[in-house]
Amino acid sequence: MSVARLVSALQFCPSFCVQRSRDPAPSLQSRAFNLLLQQLPYKEQLASAEAVQAGVQKLALAPASFEPTGLGRDVELILTKMGGWPVYYTAPSSGHEGCNYVMFLHGGGYINEIAPAHWRFVAQMTRKARVYCVVPVYPLAPRATAKDVVPATAELLRMLLEDAGDAKVTVVGNSAGAGLALAACQWLRDHGHRQPSRMVLISPAADASVSRPEQVAIAARDPIQDIPGIVEAGRLYAGGLDIGHPFVSPLNGAFRALAPMTIFSGTRDLLYPDSVDLAEKARTVGVPVELHLLRDQPHNYALMPTPEGRRARAVILRAVA
């Protein structure tokens with residue numbers, strides 16, 4: 001079944017929520033933001049394998065900072081280390097007894113460091129949803145690969161679930177971080193550990209092969225991403241694993257007994273067909289799913305300063321609180 005037909009069919013399925021009809025057309029601000037994104041160098045950096053390799057080499061010589069920025073005075077911050085990784089904890093400064101927890105896993109194609117926009121989102125969740133946020137700064141490819149990163153992330157999540165007791169634990173990830181979140185939850189299940197309360201997956205990178213024929217046409221409309229660069233970043237992250245391995249492409253993993261999912265994607269995101277398939281695979285085995293698929297929205301629209309992004313973040317804040 002084609003993606004278009006699948007989305008159409010799912011809109012009439014009572015056990016599967018596809019949020020499209022409320023936003024038949026993108027807002028003026030969103031259209032302007034798409035034009036702005038086209039002027040920025042994001043797509044150039046993913047235009048070829050050589051461009052990705054050059055970016056990785058540049059970061060190896062001058063690593064980007066991962067230190068938090070823009071959190072605001074009303075957010076407390078603690079830095080610890082677990083398994084050699086820096087792990088940051090945030091909490092609302094005005095009393096935080098009984099708060100629920102969020103583990104946030106940042107995007108960046110597994111080759112880029114956590115960015116200021118990610119930290120602003122962490123601060124917003126901490127402040128407005130009044131949650132503790134746990135932010136592992138996982139090592140990047142090619143220095144670290146999926147064979148090590150996925151189990152280590154899952155072990156951190158297992159420890160958080162154990163420490164949280166009866167408190168709610170939500171895993172929130174964007175792009176590569178959403179793929180890592182899904183792979184880590186699959187690892188937890190396969191090793192007999194309990195699931196978090198929910199996964200929130202923002203534009204998940206679920207299939208590193210990017211091999212669907214329709215994705216060529218979608219890539220031409222995507223203002224941020226291109227196929228050759230995503231494939232090369234996936235290859236670097238895969239290391240010695242096949243690119244189709246569930247650690248690298250969790251769309252190929254099993255979906256039974258996973259946590260409920262809330263997924264955000266847009267039809268200008270060349271990864272959106274994978275989000276549709278991900279949601280359908282989960283629904284088929286009884287996992288509750290909400291898929292917020294919006295017309296003409298780009299990759300990571302839920303984190304962008306547009307009306308659509310603000311509405312998505314409002315949904316996320318309710319989900320994690």
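The second largest pocket of this predicted model is lined by 18 residues, of which Leu59, Pro63, Glu113, Leu140 and Arg143 lie nearest its centre. Here a pocket is an open set of points on a 1 Å grid over the protein atoms alone, where a 1.4 Å probe fits, with protein on both sides within 12 Å along at least five of seven lines, and lining residues have an atom within 4 Å of a point. Because the model is predicted, local features need pLDDT of at least 70 and side-chain atom pairs count only at pLDDT 80 or more, while totals for chains, interfaces and linings use all residues. Residues are numbered from 1 along each chain as its sequence is written, and side-chain values use heavy atoms, with hydrogens and water left out.

**Second largest pocket**
- Helix 3 supplies the largest share of its lining, three residues, where helices are DSSP runs (H or I) of at least four residues, numbered from the N terminus.

**Largest pocket**
- The largest pocket holds about 1,300 Å³ of space, and among its 47 lining residues Tyr42, Gly108, Asn112, Ile224 and Asn300 lie nearest the centre.
- Helix 3 also gives the most to the lining of the largest pocket, with six residues.

**Helix packing**
- Helix 7 (residues 214-221) and helix 9 (residues 272-284) pack at an angle of about 125°, with their axes, lines fitted to C-alpha atoms over the stretch in contact, 10 Å apart.
- Glu214, Gln215 and Ile218 in helix 7 meet Tyr272, Pro273 and Asp274 in helix 9, contact meaning heavy atoms within 4.5 Å.

Key
Axes fitted to C-alpha atoms, helices over the stretch in contact; angles between N-to-C directions. Helix = DSSP H or I, 4+ residues; strand = E, 2+ residues; numbered from the N terminus. Points joined across faces, edges and corners; volume = space filled by probe spheres on them.
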